[in-house]
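Here are some notes to read alongside the structure. Please keep the sequence at hand and find each element as it comes up.

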Amino acid sequence: MKATVHVTLKNGVLDPQGKAIEHALGALGFGGVNQVRQGKFLELDLGETDAEKARAQVTDMCEKLLANTVIENYTVEIEG
Amino acid sequence: MKSAIIVFPGTNRERDMAIALEKASGTAPLMVWHKDSEIPDVDLIVVPGGFSYGDYLRAGAMAAHSPVLRSLKEKASKGTPVMGVCNGFQVLTETGLLPGVLMRNAGLKFICRNVGLKVETSQSLFTGGYEDGQVLSIPVAHNDGNYFADNETLDRIEQNGQVAFRYVDEDGAMTEAGNPNGSARNIAGVFNKEKTVLGFMPHPENAIDPAVGGTDGRGLFDGLVRALS
């Protein structure tokens, strides 16, 4: 099964890269962009066939490596 | 003083660190490769600067889960002093041995220059070679040195005396102008609660020779040798 993980910065954590992208969009003439936050997207191809087990496994991966929970949140989606 | 330096693929300051440690202690440090599962018994373990594993995922994240780090954590938990410099600081925060995290520099640029560095306390194994409040000139060289922790954590580490170094301006004042990378409360280095683990961004190993960049870094190595010999 396939797992997708989104890792995003927590609210209140400054995102200088997002800020730079926001400015660049403004410079290109894209008005009305109030804020940009940059994150990571990961795709995992898993051998596991049980969706609940796969979710537990990927959540553990996020806690241990994929996200730094001091500054980042993550979401896990499992697709059959 | 016997010391060991951990070397990962992408580490690049291990030789400078070895020279500084040998100059101060008279003993060449052992180099320990990241795949080694055992660190020999030493008085000090150093995680040096560089770009371990190419800074993939997050600076220090991959190194924090390498085989050698299990041995490092075990030794640290038994009280062996551990010092992380630059990428080593990033690795130690990723392992959870030190509080907080190092994010991308606020100005998004790699910074390579001398900075003003204030010694917050001389009461540690690592900083005994300096005076309280002494201001040093030490080079930094990093892209991800922006120290961050939530306010609660910052308050706690300040109350516990866990802040080792802060960035200061030319007048020795803790100002925004003296903060090269956006670090919270100008923090450049922190201890663990027991003050047996220290991590910081600047490179004292590159400030030991008057011919290249001054000698303000010597105090750190001389202090370590006095404390650990």
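1. Start with strand β4 of chain B, residues 82-85, in this predicted model. B:V82 and B:G84 point one way from the strand, while B:M83 and B:V85 point the other way. Are these residues buried or exposed? All of them are buried. In a regular strand, side chains alternate between the two faces of the sheet.

2. Next, look at what lies beside β4(B). Strand β3 of chain B, residues 44-47, runs parallel to β4(B) and is joined to it by three bridges. Within this pair, B:V46 stands opposite B:M83. To get from β3(B) to β4(B), the chain passes through helix α2 of chain B, residues 67-77, and this β-α-β crossover is right-handed.

3. Strand β11 of chain B, residues 197-200, also pairs with β4(B). The pairing is parallel and has four bridges. Which residue of β11(B) is the bridge partner of B:V85? That partner is B:F200. Strands of a sheet pair through backbone hydrogen bonds, and the pairing may be parallel or antiparallel.

4. Now place these strands in the whole sheet. The sheet is open and has nine strands, in the order β2-β1-β3-β4-β11-β10-β9-β6-β7 of chain B. Its pairing is mixed. The edge strands are β2 (30-33) and β7 (135-142) of chain B, each of which pairs on one side only. From one strand to the next, the twist averages 25°.

5. For an antiparallel pair, turn to strands β6 (residues 111-119) and β9 (residues 163-168) of chain B, which share four bridges. Here B:L117 in β6(B) has B:Y167 in β9(B) as its bridge partner. A helix also packs on the sheet: α1 of chain B, residues 14-25, touches β1 (3-7), β2, β3 and β4 of chain B. The direction of α1(B) makes about 175° with that of β1(B).

6. The last point concerns the two chains. The contact takes 14 residues from chain B and 15 residues from chain A. Together the chains bury about 1,200 Å² between them, with 70% of that area on carbon and sulfur atoms. B:L57, B:R58 and B:M103 supply 42% of the area that chain B buries against chain A, more than any other three residues. How many salt bridges are found across this interface? The rule finds one. A salt bridge joins the side chains of A:E72 and B:R58, at 3.8 Å from N to O.

Conventions
Residues numbered from 1 in each chain as written. Chains lettered and ligands numbered in written order. Predicted model: local features only at pLDDT ≥ 70, side-chain atom pairs only at ≥ 80, totals over all residues. Heavy atoms only, no water. Buried < 20%, exposed > 50% of the residue type's maximum accessible area, 1.4 Å probe, protein only. Helix = DSSP H or I, 4+ residues; strand = E, 2+ residues; numbered from the N terminus. Pairing = 2+ DSSP bridges. Right-handed = clockwise from strand over helix to strand, strands pointing away. Axes fitted to C-alpha atoms, helices over the stretch in contact; angles between N-to-C directions. Contact = heavy atoms within 4.5 Å. Buried area = accessible area lost by both parts, 1.4 Å probe. Salt bridge = Lys/Arg side-chain N within 4 Å of Asp/Glu carboxyl O.
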